[in-house]
Amino acid sequence: MKILGVLGISVGCGLGMLDALSKLSHDGSASASFVYLNTLSLAFQIDGLSAFFLLAIFGVCLLAAIYSFHYMNHPDKALRTATNYFFFSLLVASMALVVTADNMITFMLSWEIMSLSSFFLVIYDHQIPENRKAGYLYFIFSHVGAMFIFAAFGVLYGHTGSFGFDSAGLSQAAKMLAFVLAFIGFGSKAGVFPFHVWLPHAHPAAPSHISAVMSGVMIKTGIYGILRMYSIMDLHTPALGAMVLIFGMVSGVLGVVYALGQHDLKRLLAYHSVENIGIILIGIGIGMIGVEAKNPIMAVLGFSGGLLHVLNHSIFKSLLFMGAGVVIHKTGTRSIDALGGLLKKMKVTGVTFLVGSLAISGLPPFNGFVSEFFIYVGSFRGVPMETPVFVLSLLAIVSLAVIGGLALACFTKVVGVVFQGEPRSQAAHDVDEKGPTMLLPMVILAGACVVIGIYPGTFMFMAVKAVAALGLDYGRIPMEPFARMSANITLGATLFLALLLIILALRRILYQGKTIGRAGTWGCGFTQPTTRMQYTGSSYAASILDFFKPAAPLQEDHPPVSGLFPKGTHYHSHIHDIVELHLNRMVVKPVLWLFDKLRWIQHGDIHLYIGYILLAIVVLLFFV
Amino acid sequence: MIESILLWAFALLTAPLFAGVIFKVKAFFGGRKGSPVLINYYTLIKLFKKGSVYSTSTTFIFKLGPVVSLGAAATALLFLPIAGHAPVLSFNGDVIFVLYLLGLARFFTIAAAMDTASPFEGMGAAREAYFPIFCEASMFMILILFYRLTGDLNFAAYFSGGQPFGFWQTAGSPMLFVVIAFFIILLTENARVPVDDPATHLELTMIHEVMVLDHSGPDFGFIEMGAFLKMFFYSSIVARLIFPFELGNAALNLALFSLGVLIVYMTVGVTESIMARYRMDRVPKFVLTSFALAFFATVITLEFLK
């Protein structure tokens with residue numbers, strides 16, 4: 001039965017992906033509408049923007065479905081696995097519907113199905129209390145977010161009187177209000193700082209292929225929502241571009257700082273989603289600022305860089321989550337500091353994870369670099385302009401540089417501690433690499449990282465097509481400059497690879513006929529090393545975290561070593577998310593206090609409950 | 001084009017020579033005769049003749065690290081106008097490409113160090129991951145200034161011909177800040193005093209040297225060569241800024257450029273002779289000074305350019 005489910009989902013995704021590709025390459029669009037329950041009309045439309053997101057959604061879901069075949073091998077949990085596939089297929093379908101919906105009703109309906117189905121996927125292992133808690137947190141966040149989106153749509157509906165995506169007749173103030181409300185709502189889905197609190201809890205709780213889908217594409221529907229709202233509303237408020245950019249910068253920098261402090265592999269990757277959403281928002285923000293500053297090149301570069309990063313992030317993040325999934329599947333632990341040396345026994349996982357790490361750090365010749373490159377070039381376009389644009393571009397560039405450096409630090413930590421060195425525990429020692437359907441998707445994704453990194457041309461065109469659908473009134477966007485930039489990246493990358501090959505050949509010649517010895521690592525004179533003496537992830541990140549202490553308070557538990565014959569000691573550290581900390585203090589506690597005081601309403605007497613209902617209806621009658 | 005390639009080859013061949021100057025300067029300050037200027041060539045030849053011993057903990061990444069770091073540094077030099085001559089290759093945004101390529105080299109150097117399972121190398125790796133974050137921010141801050149001055153995003157537009165002289169003319173004295181900022185980046189990126197001490201004897205206090213403890217033979221030779229090239233890359237930028245002139249004659253240009261590079265290397269030697277390494281937690285502040293200087297330079301020139 002499982003194979004049927006996997007086949008069904010993957011064939012469906014494959015067909016959808018082909019269609020999205022053809023829409024992107026031929027400027028195609030399609031629309032359909034139905035009447036639902038005689039009153040509501042369900043309308044769908046595919047334009048360049050939808051097709052671009054569909055490509056990412058179907059691509060990642062296809063591979064995630066294949067991956068799940070060997071990952072979900074729990075014959076003892078058959079019912080649970082079946083439920084998982086049911087909600088998985090529902091999630092794929094609802095995501096596709098979200099990005100094709102053409103009116104508010106359709107959109108919210110699909111949005112809710114998406115949120116709910118992913119909620120059930122998160123609580124897959126619901127016997128673990130922590131996972132249930134993560135699920136509830138996600139549930140609350142996605143519904144508070146949905147309320148904000150409802151409010152934004154309400155503002156639109158209040159002015160236009162129609163459920164269509166239309167903003168004719170709205171004042172600038174109303175548009176701004178609607179956009180900010182929608183930004184908060186969609187931002188909470190996308191994991192924009194400070195609405196990201198659910199993300200690092202929910203993603204680790206879900207099975208890894210679901211984490212890959214959620215982190216790779218589901219949170220991108222939030223980005224889609226922001227872009228869609230932007231294209232609906234003909235905004236002329238410079239402040240909004242600055243707002244998007246600043247949220248992006250904060251998400252980007254703090255996302256990666258928190259990621260550095262994590263000990264849980266999947267939680268670390270989840271925080272990196274916050275970071276990458278930040279990079280995407282920096283791109284979009286630069287685009288919006290470019291539009292306001294009447295600088296079309298900056299605008300198109302910003303938007304297309306951001307969109308390309310959506311695709312790129314969906315590729316390398318799902319790759320990394322799948323890799324983490326294999327590691328967890330084989331070792332049974334998510335703790336980074338308990339692993340080590342996996343590369344020797346898990347070649348495919350290790351190498352593909354390495355490729356994903358290089359890509360997410362934005363290094364050439366991998367795909368993460370390409371999108372960051374376009375955002376950089378777009379941001380530099382704003383540098384010669386007058387001050388608000390200049391300052392904002394400056395901030396964007398410097399924060400991108402800092403994010404790049406921190407991401408490199410974070411992923412050298414992950415690769416170095418998890419995959420290299422020596423195993424730090426028995427669990428990491430006894431591993432193998434079985435399950436071809438788990439490895440194949442990772443190889444494909446790693447291949448995609450390299451291909452886009454070296455030949456970004458086609459993918460860049462797709463992103464520009466999606467930008468064209470935003471309706472920026474630039475007419476046909478000329479492709480020539482983009483083709484040239486892509487060709488330059490190709491040239492640089494091939495040249496580098498050619499030099500690399502030459503040096504490798506030289507190396508081979510130099511090692512010809514030489515004696516190659518093998519011995520233990522040089523311990524600087526110490527001859528009895530143990531694997532426990534290795535640098536851990538915590539120690540690796542400690543000095544960087546110390547620098548960011550104000551934003552990321554570190555709690556350490558380390559009884560000092562004292563006396564002549566000291567007893568054993570331990571070290572435990574936890575990095576606090578300041579948003580979580582303050583949310584708990586300023587929102588959760590007061591709300592709990594208030595509801596505690598209102599407890600008398602809930603008394604269990606059914607007659608009085610009926611009385612409440614009557615009273616509510618009578619009160620409502622006054623308003624309707 | 002041929003000349004560009006020849007100059008690139010010149011850079012590859014002379015980088016070890018210039019690095020030898022630092023030893024001489026330090027020997028002079030120490031009152032010693034010092035090793036011959038060609039010492040680095042001897043070392044490279046010696047290393048290339050040897051075989052290697054690999055730690056049982058290591059994987060293919062350990063062997064790939066030196067290759068990538070040398071490849072990245074050699075590629076970076078392709079984009080840099082040497083002696084003011086047009087570089088081999090140039091495109092809009094090549095600065096970003098080169099900086100990120102050097103990032104790739106750093107990734108592999110760190111990964112190769114982590115491959116050995118040695119706590120010492122882990123310690124060095126953590127520092128190598130930490131300090132360059134600020135270098136990158138500072139570097140991009142300088143790029144912002146250069147972009148405002150030229151409207152271009154490639155090395156050729158910044159350092160070829162009499163272009164650097166144009167910087168001094170339009171920006172004026174804030175360029176001094178930029179030179180110092182670049183010099184600080186040079187010291188940090190190339191693991192020199194006061195950030196790192198390549199001559200120290202205690203592994204605990206090293207950054208770059210400790211990361212390559214386990215490399216030997218030709219692999220170590222590649223690492224050394226990559227380090228020479230990287231040093232040459234940053235030095236030639238500073239050299240072009242302190243001698244921004246175009247003399248109209250290729251040979252004279254090359255001579256002046258070599259003199260500039262020599263002065264930079266000698267300054268590094270002098271700095272190493274008269275200063276001690278900073279405590280590790282002071283280093284970020286030192287590197288951030290570079291960022292602050294670049295930032296001030298940009299802010300001051302904002303007014304000039306109006």
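**View 1. Strand β1 of chain A is hardly covered.** In this predicted model, β1(A) spans residues 30–36, and the count of buried residues among its seven residues is zero. A residue is buried if 20 or more other C-beta atoms, placed from the backbone, lie within 10 Å of its own; with 12 or fewer it is exposed, and in between partly exposed. Strands (E, at least two residues) and helices (H or I, at least four) are DSSP runs, numbered from the N terminus.

**View 2. β1(A) pairs with strand β2 of chain A.** The two strands, β2(A) covering residues 40–46, run in the antiparallel sense over seven bridges; strands pair if DSSP finds at least two bridges between them. A:A30 stands opposite A:I46, and A:F34 has A:L42 as its bridge partner. Three residues lie between the strands of this hairpin, where A:L37 takes a positive phi near 55°.

**View 3. Chain B has twelve helices and one strand.** From the N terminus on, its elements run α-α-β-α-α-α-α-α-α-α-α-α-α. Chain B is as compact as a globular protein of its length, because its radius of gyration of 19 Å is close to the 19 Å that the globule rule gives for 306 residues. This radius is taken over C-alpha atoms, and the rule is 2.2 Å times the number of residues to the power 0.38. Along the principal axes, the C-alpha atoms fill a box of roughly 60 × 45 × 40 Å. Buried residues make up 61% of the chain.

**View 4. Helices α8 and α10 of chain B pack together.** α8(B) (residues 174–189) and α10(B) (residues 217–242) meet at an angle of about 170°, with their axes 10 Å apart. Axes are lines fitted to C-alpha atoms over the stretch in contact, and angles run from 0 to 180 degrees between N-to-C directions. The pair is therefore roughly antiparallel, a term for angles over 145 degrees. Residues making the contact include B:F182 and B:L186 of α8(B) and B:Y234 and B:V238 of α10(B); two residues are in contact if their C-beta atoms, placed from the backbone, lie within 7 Å.

**Notes on the model.** Residues are numbered from 1 along each chain as its sequence is written, with chains lettered from A and ligands numbered from 1 in the order in which they are written. In this predicted model, local features need pLDDT of at least 70 and side-chain atom pairs count only at pLDDT 80 or more, while totals for chains, interfaces and linings use all residues.

Notes. Angles under 35 degrees count as roughly parallel, over 145 as roughly antiparallel, 65 to 115 as roughly perpendicular and the rest as oblique.
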